[in-house]
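Here is a walk through one model, going from the overall layout to a few side chains. Have the viewer open and follow along.

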Amino acid sequence: MTKKQTTKRAGRTRGTTTKKGAAATPAMSRRERTRDPRLPAPGTTITRTFKGRELRLTVLDEGFRFEGETYRSLTATALKATGYPAISGPHFWKLDAATEATPQRATKKGKPAVKPDVAPAETATA
């Protein structure tokens, strides 16, 4: 006895029924992208210094302009600027919540982690 071999097409076929009695799946329409609320208004120029180099990024309606080229994402621009294989674009350009001005943290004893700029008063010795 030999089994009958059938071949499957790679991937999922759209618009056909996959199981008996299942409804056909509609062809996917192009979804609309919503603008990231962290992004500044189009036309804004973001400047950042990285390894002694001043980098300028211009926000466009559909993407970003960096070093004369247009990119679809902040991550693509950060990758181009740094050469790092995995980098967060919003974090690199300092547009995420983690890089905003954070309040000064206290140490375990409740004292400020950073010493104040005021020098301690000198004690008089007689």
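**Around the tryptophan**

Let's start with Trp 93: with a relative accessibility of 2%, it counts as buried. Keep in mind that we're looking at a predicted model here.

Before going further into that spot, zoom out for a moment. The protein chain carries 2 helices and 4 strands, and from the N terminus on they run β-β-β-β-α-α. Of the 126 residues in the chain, 17% are buried. Take the contacts between residues at least 6 apart in sequence: 23% of them join residues at least 24 apart. As for the surface, the chain exposes about 11500 Å², with carbon and sulfur atoms supplying 52% of it.

Now back to Trp 93. Which ring does Trp 93 pair with edge-to-face? That's Phe 66, at 5.8 Å centre to centre and with 75° between the planes. Phe 66 sits in strand β3 (residues 63–66) while Trp 93 is in the segment after α2, so this pair ties together parts that are 27 residues apart in sequence. Phe 66 is buried too, its relative accessible area being 1%.

Trp 93 also has a polar partner: its side chain makes a polar contact with the side chain of Thr 77, at 3.0 Å. You'll find Thr 77 in helix α1, which covers residues 74–82. Thr 77 counts as buried because its relative accessibility is 0%, below the 20% cut-off. A polar atom of the Thr 77 side chain also lies 2.6 Å from the backbone oxygen of Leu 74. Setting aside neighbours within four places in sequence, Thr 77 is in contact with Leu 57, Phe 64, Phe 66, Tyr 71 and Trp 93. Both members of the Phe 66–Trp 93 pair are on that list.

What about the other rings? The count comes to 4 aromatic pairs. One of them is Phe 50 with Phe 92, edge-to-face at 5.4 Å centre to centre and 75° between the planes. This pair links distant parts of the chain, with Phe 50 in strand β1 (residues 45–50) and Phe 92 in helix α2 (residues 89–92), 42 residues apart. Phe 50 and Phe 92 are both buried.

Technical notes
Residues are numbered from 1 along each chain as its sequence is written. This is a predicted model: local features need pLDDT of at least 70, side-chain atom pairs count only at pLDDT 80 or more; totals for chains, interfaces and linings use all residues. Side-chain values use heavy atoms; hydrogens and water are left out. Buried means under 20% relative accessible area, exposed over 50%, partly exposed in between (1.4 Å probe, protein chains only). A polar contact is a pair of N or O atoms within 3.5 Å; within protein, one must be able to donate a hydrogen and the other to accept it, and residues adjacent in sequence count only if both atoms are side-chain atoms. Contact means heavy atoms within 4.5 Å. Rings of Phe, Tyr and Trp (its six-membered ring) pair if their centres lie within 6.5 Å; planes under 30 degrees apart count as stacked, over 60 as edge-to-face and the rest as tilted. Accessible areas come from the Shrake-Rupley method with a 1.4 Å probe; for residues, only the protein chains shown count as cover.
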